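Open the model in your viewer and keep the selection panel at hand, because each stop on this tour begins with something to select.

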Amino acid sequence: MNLDISSLSTGSSTSGSEEERVKVLILGSGPAGLSAALYAARADLNPVVLSGIELGGQVSLTYTVENYPGFPEGVGGMELVDLFKKQAEKFGARVEYDSAGEVDFTRRPFRVKSVNGKQYLADTVIITTGARSVHLDVPGENELTGRGVSYCATCDGWFFKEKDVIVVGGGDSALEEGLFLTRYADSVTVVHRRDQLRAGPILVERAQANPKIKFELNSVISEIIGNGAVQSVQLKDTQTGKVRHKPVDGVFIFIGHTPNTELFKGQLDMDEHGYLKVDQLMQTNIPGVFAAGEVADPNFRQVITSAGMGAAAAMRANHFLDEHGSA
Ligand SMILES: Cc1cc2nc3c(=O)[nH]c(=O)nc-3n(C[C@H](O)[C@H](O)[C@H](O)COP(=O)(O)OP(=O)(O)OC[C@H]3O[C@@H](n4cnc5c(N)ncnc54)[C@H](O)[C@@H]3O)c2cc1C
């Protein structure tokens, strides 16, 4: 199913003004952002959500979510975030199809300029900009992206019916996406740099039991080769250094995520990997600016934990407004 965008606004046209004053501005529309929106809306704070370009966040790329409570049969990723969105909107949240382009947290009200040119003056800001896929950074990767190189099996699996594909990575995402690709592809080869997979035991068992999945451990891709479409990869043995070619039609890369925090550099404290630092109450180093979900969570990175952090951040924003009022 497609995420329902019929009720979305675009930043500059909604209010007819280039500037808007809001009590709670939420950056990001993934599970953390939409959960924060639900809680802020139910506190009567009329939150505005800037969706970013990935409406619904990373989980919207996932075919099915089996570990979110309340859905014993599993639920589609897009369907889940669409339900999140509808529930937040029911209580008064407004989702704008726009992104934060510049932020100024030096004084209240905080200033956020959207990429559509609208200026928000916000009493509180909740940052839920999540994370994004890490690239291999090997020759051929950029040129062949969309021509056989993909970061989303749910989006592109359909194009690989009866083809041979590689999945790069050894974590949960790699195996989950690899298993999904077996619906289409004739073979799925998981390439992982170490001798052991990092994924949880249930996923590893499922992958090992699937006759379409093969493993190339202790291996990395050093080049992706193709003329207009992926034709082969150069595989390098991480122990012997030996290089060989493997013919393949697609390369799906799932080697991790990096937090979307470039916008906040110099203003908010971050750890060495760029994740925003928050205290137990989701507060960043700037009072009134909160962060939730994967943007501030290098550890759990799940829908339920991100949603929980989003809800907590909104509760604290409400508390902050009770204590400090509008700027
Ligand atoms: C392939 C895959 C499968 C997964 N499967 C599962 C699963 O089965 N179960 C599970 O629990 N978890 C799963 N996850 C993890 C889960 O999707 C994430 O933990 C969750 O989406 C994180 O939520 P978030 O709201 O913190 O961030 P994200 O989902 O990353 O959302 C970030 C949001 O911020 C927006 N944004 C970015 N920059 C800006 C900006 N400048 N201005 C405004 N908005 C911005 C983006 O558009 C997006 O809407 C999976 C992840 C992937 C990639």
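Helices, of at least four residues, and strands, of at least two, are taken here from DSSP runs and numbered from the N terminus, and the model on the screen is a predicted one.

With those labels in mind, select the loop between H1 and strand E2 (48–50), where Asp44 is found. Asp44 has a positive phi of about 65° although it is not a glycine, and its relative accessible area of 60% makes it exposed. Asn46 counts as partly exposed, at 48% relative accessibility.

Next, go to the loop between strand E4 (100–104) and strand E5 (110–114), which is the place of Pro109. If you display the backbone there, you can look at the peptide bond from Arg108 to Pro109, which is cis, with omega near -5°.

Now select the ligand and the shell of residues around it. Which residues come nearest to the ligand? Of the 33 residues around it, these are Glu54, Gln58, Glu177, Glu294 and Val303. The shell divides into eleven nonpolar, 17 polar and five charged residues, and helix H1 (31–42), helix H4 (172–181) and helix H6 (303–324) each supply at least two of its residues.

Stay with the ligand and turn to the backbone atoms beside it. A backbone N or O atom of Gly28 lies 3.4 Å from a nitrogen atom of the ligand, while a polar backbone atom of Ala32 is 2.9 Å from an oxygen atom of the ligand, and a polar backbone atom of Val59 is 3.3 Å from an oxygen atom of the ligand. On its own the ligand has 1000 Å² of accessible area, of which the protein covers 92%.

For the last stop, select H6, a helix of 22 residues that reaches 31 Å from its first C-alpha to its last, close to the 32 Å expected at 1.5 Å a residue. Its buried residues include Val303, Ser306, Ala307, Gly310, Ala314, Ala317 and Leu321. In an α-helix there are 3.6 residues a turn, so residues three or four places apart point the same way. Finally, step past the end of H6 to Gly325, which follows the helix and has a positive phi, near 65°.

Definitions and conventions: Residues numbered from 1 in each chain as written. Predicted model: local features only at pLDDT ≥ 70, side-chain atom pairs only at ≥ 80, totals over all residues. Heavy atoms only, no water. Near = heavy atom within 4 Å. Polar contact = N/O pair within 3.5 Å; in protein donor to acceptor, adjacent residues only side chain to side chain. Areas by Shrake-Rupley, 256 points an atom, 1.4 Å probe, with all protein chains shown as cover. Nonpolar A, V, L, I, M, F, W, Y, C, P; charged D, E, K, R; others polar. Buried < 20%, exposed > 50% of the residue type's maximum accessible area, 1.4 Å probe, protein only. Expected span 1.5 Å × (residues − 1).
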